[in-house]
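Me: I have a model to go through before group meeting. Could you walk me through it, starting with how you use the word "contact"?

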Amino acid sequence: MQHRSDVEAADALKLAYEQIRAEIGKVIIGQDEVIKFVLISIFSNGHCLLVGVPGLAKTLLVQTVAQVLDLDFKRIQFTPDLMPSDIIGSEILGEDRNFKFIPGPVFSNIILADEINRTPPKTQAALLEAMQEKAVTAAGVTHKLAKPFFVLATQNPIEQEGTYPLPEAQLDRFMFNVALNYPSFKEELQVVKNTTSTHQVTVNKQLNAEQITYFQQLVRNIPVTDNVLEYAVKLVSKTRPGSEFATPQVKRLLNWGAGPRASQFLILGAKCHAVLNGKYSPDIEDIKAVAKPILSHRIVRSYHAEAEGLSASDIIEQLF
């Protein structure tokens with residue numbers, strides 16, 4: 001897939017994005033913000049954590065995205081007895097009396113890690129190596145994963161009994177933490193209409209793995225001005241209570257701030273957001289558009305913030 005210039009390629013990405021949104025919209029009613037952030041994380045070569053109560057079409061969304069992008073899709077249902085080898089694969093003794101590696105479900109383009117907080121940290125860590133290194137190690141041998149590789153994990157926010165919440169260091173590997181809300185009355189009416197009849201929808205494939213890899217590279221090539229870079233780094237610095245940029249309010253409301261990975265993801269996310277909105281370089285508005293789902297899981301609220309009922313999003317809003 002070749003374009004004569006990056007400008008032409010950026011236009012092609014914007015057009016492809018609009019076609020993908022239209023195809024996903026045939027199946028998923030509403031959830032526009034969620035779809036936008038899932039697609040931005042794919043084109044930015046990041047991963048996404050979806051937090052929402054059951055029944056909000058999280059699995060259906062991922063399946064639909066995989067179909068439209070013509071990618072291999074695997075779903076892993078996380079349970080307390082799941083072992084790392086159930087995810088990455090294991091060595092077995094073959095008929096020729098030699099050990100051979102049988103790949104696990106992680107060897108796919110899109111992984112749905114369903115209810116990732118239901119499994120112990122040892123198994124969670126097996127997936128996190130794959131997310132960071134795009135490879136897995138079994139019996140001392142490193143196996144590369146297919147490109148593109150994207151993990152979409154889900155968590156249920158209301159049920160915490162018998163779960164293993166992801167520690168902050170592991171949460172940091174997800175580019176976005178996206179909260180799913182209940183659909184509006186009209187949207188829910190449409191969902192019920194579509195899902196309780198013989199109504200069948202077929203989606204058309206829009207991109208393939210090679211084209212997605214090309215667009216991921218394009219996003220990295222997009223230029224950024226120094227003032228936008230400085231704004232992103234300063235915004236992240238403001239979340240750190242010990243930083244020179246932290247306001248007295250931040251020092252009171254936050255115990256811990258975001259790390260350098262947040263600054264990197266802010267710039268990557270802003271680059272992608274700019275292109276998808278017809279711009280060839282991101283501005284400060286693009287940083288603000290992606291800031292909340294990037295920063296919300298990287299800051300730790302203080303007792304004061306919790307007592308005042310302030311969410312992570314409320315605190316981030318005060319930083320702009």
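Reply: Two residues are in contact, or touch, when they have heavy atoms within 4.5 Å of each other. Please keep in mind throughout that this is a predicted model.

Me: Fine. Which residues does His-143 touch, leaving out those up to four places away in sequence?

Reply: With those neighbours left out, His-143 touches Phe-101, Phe-107, Ala-135, Val-136 and Ala-138. His-143 itself belongs to strand 7.

Me: Is His-143 buried or exposed?

Reply: His-143 counts as buried because its relative accessibility is 18%, and the cut-off for buried is under 20%.

Me: What does strand 7 pair with, and in which sense?

Reply: Strand 7 (residues 141-144) pairs with strand 6 (residues 135-138) in the antiparallel sense, over four bridges. Within that pairing, Thr-137 stands opposite Thr-142 of strand 7. The two strands form a hairpin with two residues between them. In the turn, Ala-139 has a positive phi of about 55°.

Me: What is the rule for phi and for peptide bonds in general?

Reply: Most residues other than glycine have a negative phi, and most peptide bonds are trans.

Me: Where is Asn-45, and what is its phi?

Reply: Asn-45 sits in the loop between helix 2 (32-43) and strand 1 (48-51). Asn-45 is not a glycine, yet its phi is positive, at about 60°. With a relative accessibility of 32%, Asn-45 counts as partly exposed.

Me: Which peptide bond is the cis one at Pro-148?

Reply: The bond from Lys-147 to Pro-148 is cis, with omega near -10°. Pro-148 is located in the loop between strand 7 and strand 8 (150-155).

Me: Changing topic: how many residues of helix 3 are buried?

Reply: Helix 3 (residues 58-68) is mostly covered, with eight of its eleven residues buried. Those are Lys-58, Thr-59, Leu-61, Val-62, Thr-64, Val-65, Ala-66 and Val-68. They pack against helix 1 (6-27), helix 2, strand 1, strand 2 (73-77), strand 5 (110-114) and strand 8. Just after helix 3, Asp-70 takes a positive phi of about 55°.

Me: What does Val-65 touch, again without the residues up to four places away?

Reply: Val-65 touches Ile-24, Val-38, Leu-39, Ile-42 and Ile-110 on that count.

Me: Which members of the largest nonpolar core touch the most others?

Reply: The largest nonpolar core has 74 residues, and those touching the most other members are Ile-24, Val-38, Leu-61, Val-65, Phe-176, Leu-266 and Ile-287. Helix 11 gives the most to this core, with nine residues. The core draws at least three residues from each of domain 1 (6-210) and domain 2 (222-318). Apart from it lies another core, of 24 residues, among them Ala-113, Leu-127, Met-131 and Phe-174.

Me: How far apart are the centres of domain 1 and domain 2?

Reply: Their C-alpha centres lie 24 Å apart. As for the contacts, 21 residues of domain 1 meet 19 residues of domain 2.

Me: What does the UniProt record say about residues 252-318?

Reply: The unreviewed UniProt entry annotates residues 252-318 as "domain: ChlI/MoxR AAA lid". In the model, that span is 63% helix and 7% strand, and its end C-alpha atoms lie 13 Å apart.

Me: Where is Ser-313?

Reply: Ser-313 is in helix 14 (residues 312-317). Ser-313 counts as partly exposed because its relative accessibility is 29%. Ser-313 and Leu-207 are 106 residues apart in sequence, and their C-alpha atoms are 33 Å apart in space.

Methods. Residues numbered from 1 in each chain as written. Predicted model: local features only at pLDDT ≥ 70, side-chain atom pairs only at ≥ 80, totals over all residues. Heavy atoms only, no water. UniProt positions renumbered as here; feature names shortened; annotations may be inferred. Core = buried A, V, L, I, M, F, W, Y, C linked by side-chain atoms within 4.5 Å. Buried < 20%, exposed > 50% of the residue type's maximum accessible area, 1.4 Å probe, protein only. Domains from an automatic or database assignment. Pairing = 2+ DSSP bridges.
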